[in-house]
Amino acid sequence: MKKIAALLFAGALAFSVSNCGETVDVEYPVFPKSKEGRQLKQFLGTIRVVGLAVEKPQKSLWETVFGAGSSFIDQMPSKVFEAFDKETYYKLIDLSKRADSLNEATLTLTGITKSRVKLGNQLGAEAILHIGYQKPYTECGSEMMTDYGAAAMQVGGAIASMATGRNVNTGGGSISKQTAVRYMLIPLDATLIKVETGEVRKAVVSNPAKVDGGVGGSVCPSVLDSFGKALDEAALYIKDRLSPKVNTEKIRVFTKDEDPDVADLLNDGYQEITGETPSFKKAKENWEKADKKAGGKSWGAKTNIGTYYFQAGDFDKAIKYYEDAMKISGVDKNYVRELRKRAEAVAAVDDNADK
């Protein structure tokens with residue numbers, strides 16, 4: 001049913017007769033349907049822009065993993081940023097690349113906590129995600145693993161034997177095989193700090209990743225090959241606890257109005273979300289100015305503001321602005337109604353999760 005509803009919604013938008021909007025990809029948050037998900041939603045509010053501060057790793061800790069003198073240790077902060085930047089809801093700003101305005105002490109948890117307001121103003125960030133490290137470890141071992149290819153052959157052979165009445169040779173052999181594995185713990189210690197209030201949420205990775213080179217393999221996977229998988233698993237663990245997942249819809253942003261001054265402000269907002277450093281927050285400021293300039297009678301401005309709240313996860317406010325837009329003369333009512341229905345559908349999912 002959800003897939004059908006999504007297709008119907010997409011179809012309704014695609015065939016809209018509106019000729020005064022630009023279609024953009026609009027991301028919106030999806031929170032876990034759990035107590036933790038509700039708490040995260042309440043904590044974040046409309047936070048979207050987050051500075052990522054990755055501490056410089058202590059070489060004495062990581063040399064036990066990579067070996068003394070390894071140059072890879074110096075690359076770790078950038079690798080951590082890349083892992084967190086994959087498919088994330090947040091718009092991340094890499095603080096390690098702000099050497100002109102930051103020093104190493106600022107990137108510590110204490111430095112971030114003390115400087116959060118200043119950093120937020122400098123970066124335009126609403127929160128700072130600090131990543132530190134605890135003691136890592138890696139070791140090789142072995143486990144019995146299932147060879148699913150061999151298992152499928154045996155099942156297929158059994159079916160063929162029953163169908164033909166003759167034994168079909170599947171090669172025999174055990175489908176469970178002793179396999180060399182590397183256990184690697186990337187013990188990231190994450191703290192998400194709200195710039196405005198200083199409130200925090202934490203997540204710590206304490207379970208090692210398990211990497212194998214193929215079922216039945218006898219050679220332990222290399223440290224560097226294992227590191228990438230272990231880091232991705234660690235980043236995913238933290239993102240699942242400190243960030244919502246993200247969905248995307250194609251939605252029109254309206255840029256035209258009979259009043260050229262209002263139209264300019266609507267277009268300025270559109271430019272803010274399509275430029276090199278997209279910002280829905282700055283776009284909203286322009287759309288609010290457009291709405292004020294129009295005396296509250298710009299349905300394009302109200303619709304765009306509704307879309308701002310939709311992408312921010314405040315679906316109740318999005319619904320209100322869409323409804324207000326539909327009351328204004330000249331509105332593309334069918335299109336805006338579909339936007340409201342979509343916001344209502346997502347809000348209903350959230351409401352059911354809260355019960």
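Which residues does UniProt list for "repeat: TPR"? The unreviewed entry gives residues 299-332, in the numbering used here, and such annotations may be inferred rather than shown by experiment. The model is predicted: local features need pLDDT of at least 70 and side-chain atom pairs count only at pLDDT 80 or more, while totals for chains, interfaces and linings use all residues. Residues are numbered from 1 along each chain as its sequence is written, and side-chain values use heavy atoms, with hydrogens and water left out.

The span 299-332 is 76% helix and 0% strand, and its end C-alpha atoms lie 9 Å apart. Helices (H or I, at least four residues) and strands (E, at least two) are DSSP runs, numbered from the N terminus.

A nonpolar core is a set of buried (under 20% relative accessible area, 1.4 Å probe, protein chains only) Ala, Val, Leu, Ile, Met, Phe, Trp, Tyr and Cys residues joined through side-chain atoms within 4.5 Å. The largest has 42 residues, and Phe84 and Leu188 have the most contacts inside it. Among the elements giving two or more residues to this core are helix H4 (72-85), strand S7 (188-194) and helix H7 (223-242); H7 gives the most, with eight residues. Leaving aside neighbours within four places in sequence, Leu188 is in contact (heavy atoms within 4.5 Å) with residues including Phe84, Tyr133, Leu231 and Ile238. A second, separate core of 36 residues includes Tyr270, Phe280, Trp299 and Ala318.

Notes. Buried < 20%, exposed > 50% of the residue type's maximum accessible area, 1.4 Å probe, protein only.
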